[in-house]
Amino acid sequence: MIDKKSQDIDLQTTESGFKYHRGSALSIFKTDRYEDFIALACALVIALGVYILIK
Amino acid sequence: MVYTRKHPALLIIGVVLLAHGFLIAGGYMGGVVKYLSLTRVVNEMTTLSYIFGAIAVIVGLWQWLGSHREGNFDYYSSTIAGGVFILFVAMIVKWYLAPEVAVLSRAIGPIAGTAAKPTYLHTVLGLNYVVLGIVAGMITVNVFKIPDWAQNGVRLSRLGLKTGVILLGTLYSLKELAKLGQLSVVMIGFFVLGSAWLVLLIGAQRKISNSMGGVLAAGVGVCGVSAAVAAAPVVKARSDEIAYTIGTILVFGVICMFLFPVVGHSLGMSYVQFGAWAGTGILNSAQVAGAALAFQPTGDLETLKVGEIFNITRVLFLPIIVLWLAVWYVRRETAAGGTVEQVNTGRIIIEKFPIFVLGFILMFALASTGAFTSKMIPYFRDWLTWLFAFGLTGLGMQITLAAMRQAGGEPLVIGSVVGILKAVLSLIVVLLFVRGTI
């Protein structure tokens, strides 16, 4: 296992065969980095929402 | 492949939530609200039930009766059912199960403490919405199985946890971060490098492969799964070696997540002490959050704040560990007479470094500008509570017995020995040297 993305390491997948066609057993996103950016976007939207609504 | 399942379950959940919101808002459940001491959260119960009930009804109707075609829209929209399913379980646990457990525990009477400050069984065992949510998730997946229509969306839980960690950056002041930062760098520096070194040492003595030792050292030393994955290419680890490491971290982390809060309450640890201990002694990020919230599920979330600072400091050590392991691996392999294929360590560090940590720093920087007033902080706390409740309940749904059975053999022995040693030593250090509040 050399230089593969973490999404390829999927315990459920190795046990029961290929389970998900996209993402992994832990995430719907294709890479960890993509998930990080989506989380950042979500956090910024929430912060902006609180800022606008509570200000 | 079409991911959306034509199933009425989401619609039914939506109707139940709308009915729940109506009953709470109309005061028809006044007896239950009073019995479970839910008066404080009536507004939250009404609002969340209406919002997510409406979403579930609309999306549920469309998923059940509409026609669906393969593509990105189908893939991502199909996750809504699983997301609502996690949230529904989290709501039941947070609003009804955890308060009921507290009522029963109080009925038994105090088991320790004084008359002025009694300690009840549920407090000592940490039986709050966090722990019960994780347990509910584990029971769901291992006993009942995740329903087909929710499978895709259950994988949203880690996104919830990462969003929570980033948003947590809004709660720190510069003074707090400076104080906790110094403490965490010293403690994490010692324990991360120390435990990684110890894994390599014991691994060499027990004659496990260099790649196995390297990936286990990163996993046990730094931040669990992410570190194991980041270190894998530089030590040329195989899939089964990574699976062993992840299994070991998972088994050890799950035990710690439930055990740490019990020990913390028994020893009367402060929020800062427990946060520092959990952030140092527990291997995986999500489990640090789980233990910290299990210790202090409500209020100002000081334990979570301290625990996550330690956790993030640990992630910041990731490049150092990867570089160290790269050098170590080349030396070991060369000394054994082997040839080592060159890997670009710098590229691996950049590729694997978790961006959500930078997101946390960005959010803290925004908060430091004074953009978020004290009036906004309670709203951020409410968001955090729900994001972590969602993420941890979903995490429970991903802890399968089959996944834990991946652990075994030498990696489990070495990982457990070093993990226990790190947990015990960090507990002693915290009890001796960590004082004060934030």
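Me: A nonpolar core is a set of buried Ala, Val, Leu, Ile, Met, Phe, Trp, Tyr and Cys residues joined through C-beta atoms within 7 Å. In the largest nonpolar core, which residues touch the most other members?

Reply: Keep in mind that we are looking at a predicted model. Its largest nonpolar core has 147 residues, and both domain 1 (9-155) and domain 2 (166-433) of chain B give at least three residues to this core. The members that touch the most others are Leu167(B), Ala218(B), Ala231(B), Ile321(B) and Leu325(B).

Me: Which helix supplies the largest share of the side of chain A that touches chain B?

Reply: Start with the whole contact, which takes 31 residues from chain A and 41 residues from chain B. On the chain A side, helix H1 (11-16) and helix H2 (32-54) each supply at least two residues. The largest share, 15 residues, comes from H2(A).

Me: How many residues on that side of chain A are nonpolar?

Reply: Sort the side of chain A that touches chain B by class. Six of its residues are polar and seven are charged. The nonpolar ones number 18.

Me: How far does H2(A) reach from its first C-alpha to its last?

Reply: Chain A has two helices and zero strands, and H2(A) has 23 residues. At 1.5 Å a residue, 33 Å would be expected, and the span in the model is close to that. H2(A) reaches 32 Å.

Me: Which helices of chain B do the buried residues of H2(A) pack against?

Reply: The buried residues of H2(A) include Leu40(A), Ala43(A), Ala47(A) and Val50(A). An α-helix has 3.6 residues a turn, so residues three or four places apart point the same way. The partners of the buried residues in chain B are helix H9 (157-168), helix H19 (355-368) and helix H20 (377-396).

Me: Which helix gives the largest share of the side of domain 1 of chain B that touches domain 2 of chain B?

Reply: The C-alpha centres of these two domains of chain B lie 28 Å apart, and 25 residues of domain 1 are in contact with 21 residues of domain 2. Helix H5 (79-108), helix H6 (121-124) and helix H7 (129-144) of chain B each supply at least two residues of the domain 1 side. The largest share, 12 residues, comes from H7(B).

Me: What ipTM does the predictor give the complex?

Reply: Chain B averages a pLDDT of 88, and 98% of the residues score at least 70. For the complex, the predictor gives a pTM of 0.84. The ipTM is 0.83.

Technical notes: Residues numbered from 1 in each chain as written. Chains lettered and ligands numbered in written order. Predicted model: local features only at pLDDT ≥ 70, side-chain atom pairs only at ≥ 80, totals over all residues. Contact = placed C-beta atoms within 7 Å. Helix = DSSP H or I, 4+ residues; strand = E, 2+ residues; numbered from the N terminus. Nonpolar A, V, L, I, M, F, W, Y, C, P; charged D, E, K, R; others polar. Domains from an automatic or database assignment. Buried ≥ 20, exposed ≤ 12 C-beta atoms within 10 Å, placed from the backbone. pLDDT = per-residue confidence, 0-100. Expected span 1.5 Å × (residues − 1).
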